[in-house]
Amino acid sequence: FVSSGLGGMSGAQPKAAVIAGAIGVIAEVNPKAIATHKLQGWVDEVFSDLNLLIDRIIKAKLNKEPVSIAYHGNIVDLWEKLAEKNIKVEIGSDQTSLHNPFAGGYYPAGLSFEESNNMMANEPEIFKEKVYESLRKQVNAINILSSRGMYFFDYGNAFLLEASRAKANIL
């Protein structure tokens with residue numbers, strides 16, 4: 001199971017994956033959210049290097065090992081790496097707060113957490129285009145993984161709505 005966002009209710013997703021006997025990988029850009037969820041036991045392991053993360057996923061799959069993993073980075077980068085490395089993902093979702101995409105609910109690929117926060121405040125129109133550009137990339141990677149058998153669902157957070165507003169290629 002791959003998703004994004006460790007804030008609010010989505011913080012339970014990595015633990016739920018382990019309870020269900022799955023590998024749960026959740027991308028999060030906010031280091032504080034990761035640290036909190038690790039300390040509270042919702043997340044077993046944390047990675048910031050995508051190559052090391054991919055190696056860990058492969059090992060867990062081979063060993064049929066339920067584990068919850070936080071990826072400190074952007075979900076778009078994770079989706080693209082999973083597609084590039086042809087890693088089978090059975091279930092995918094997006095837990096970001098896309099009902100509020102331009103004020104901290106979504107952090108676009110290519111910008112750090114701090115850069116995004118600064119751009120939100122000081123260059124909101126550029127930030128909006130970065131969000132839409134990122135959503136288009138995200139949907140492209142999800143489409144690749146879905147064509148290989150991944151079941152992707154909209155969590156009810158307006159992912160598909162905002163992706164359609166971004167003119168992403170929703171299949």
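Is Ile-54 buried or exposed, and what is its relative accessible area? In this predicted model, Ile-54 is buried, with a relative accessible area of 4%. The paragraphs below set that residue in its surroundings, beginning with the chain as a whole.

**The chain as a whole**

The protein chain contains eight helices and six strands, and, when it is read along the sequence, these elements follow the pattern β-α-β-α-β-α-β-α-β-α-α-α-β-α. Its radius of gyration is 15 Å, close to the 16 Å that the globule rule gives for 171 residues, so the chain is as compact as a globular protein of that length. Along the principal axes, the C-alpha trace spans about 45 × 35 × 30 Å. Of the 171 residues, 47% count as buried. Among the contacts with a separation of 6 or more, 71% are accounted for by residues 24 or more positions apart.

Ile-54 has its place in helix α3, which is formed by residues 50-63. When its neighbours within four places in sequence are left aside, Ile-54 is in contact with Lys-81, Leu-82, Lys-85 and Ile-87. Ile-54 and Val-89, which are 35 residues apart in sequence, are 12 Å apart in space, C-alpha to C-alpha.

Helix α4, made of residues 75-84, is mostly covered, since seven of its 10 residues are buried. Those buried residues are Ile-75, Val-76, Leu-78, Trp-79, Lys-81, Leu-82 and Ala-83, and Lys-81 and Leu-82 are also among the residues in contact with Ile-54. The N-terminal end of α4 is capped by Asn-74, a side-chain oxygen of which lies 2.8 Å from the backbone nitrogen of Val-76. After α4 comes Asn-86, whose phi is positive.

Most residues other than glycine have a negative phi. Against that background, Asn-86 has a positive value in a residue other than glycine, and Lys-167 likewise has a positive phi although it is not a glycine. Asn-86 is exposed, and Lys-167 counts as exposed too. The table sets out the values and the place of each residue.

| Residue | Phi | Relative accessible area | Place |

**The contact of α6 with α7**

How do the axes of helix α6 and helix α7 cross, and within what distance do they come? The axes of α6 (residues 113-122) and α7 (residues 124-147) come within 6 Å and cross at roughly 130 degrees. Angles over 145 degrees count as roughly antiparallel and those of 65 to 115 as roughly perpendicular, and α6 and α7 are therefore oblique to each other. On the side of α6, the contact is made by Ser-116, Met-119, Met-120, Ala-121 and Asn-122, while α7 contributes Pro-124, Ile-126, Phe-127 and Lys-130. Sorted by class, this contact has six nonpolar, two polar and one charged residues.

Definitions and conventions: Residues numbered from 1 in each chain as written. Predicted model: local features only at pLDDT ≥ 70, side-chain atom pairs only at ≥ 80, totals over all residues. Heavy atoms only, no water. Axes fitted to C-alpha atoms, helices over the stretch in contact; angles between N-to-C directions. Helix = DSSP H or I, 4+ residues; strand = E, 2+ residues; numbered from the N terminus. Parallel < 35°, antiparallel > 145°, perpendicular 65-115°, else oblique. Contact = heavy atoms within 4.5 Å. Nonpolar A, V, L, I, M, F, W, Y, C, P; charged D, E, K, R; others polar. Buried < 20%, exposed > 50% of the residue type's maximum accessible area, 1.4 Å probe, protein only. Polar contact = N/O pair within 3.5 Å; in protein donor to acceptor, adjacent residues only side chain to side chain. Rg over C-alpha atoms; globule rule 2.2 N^0.38 Å.
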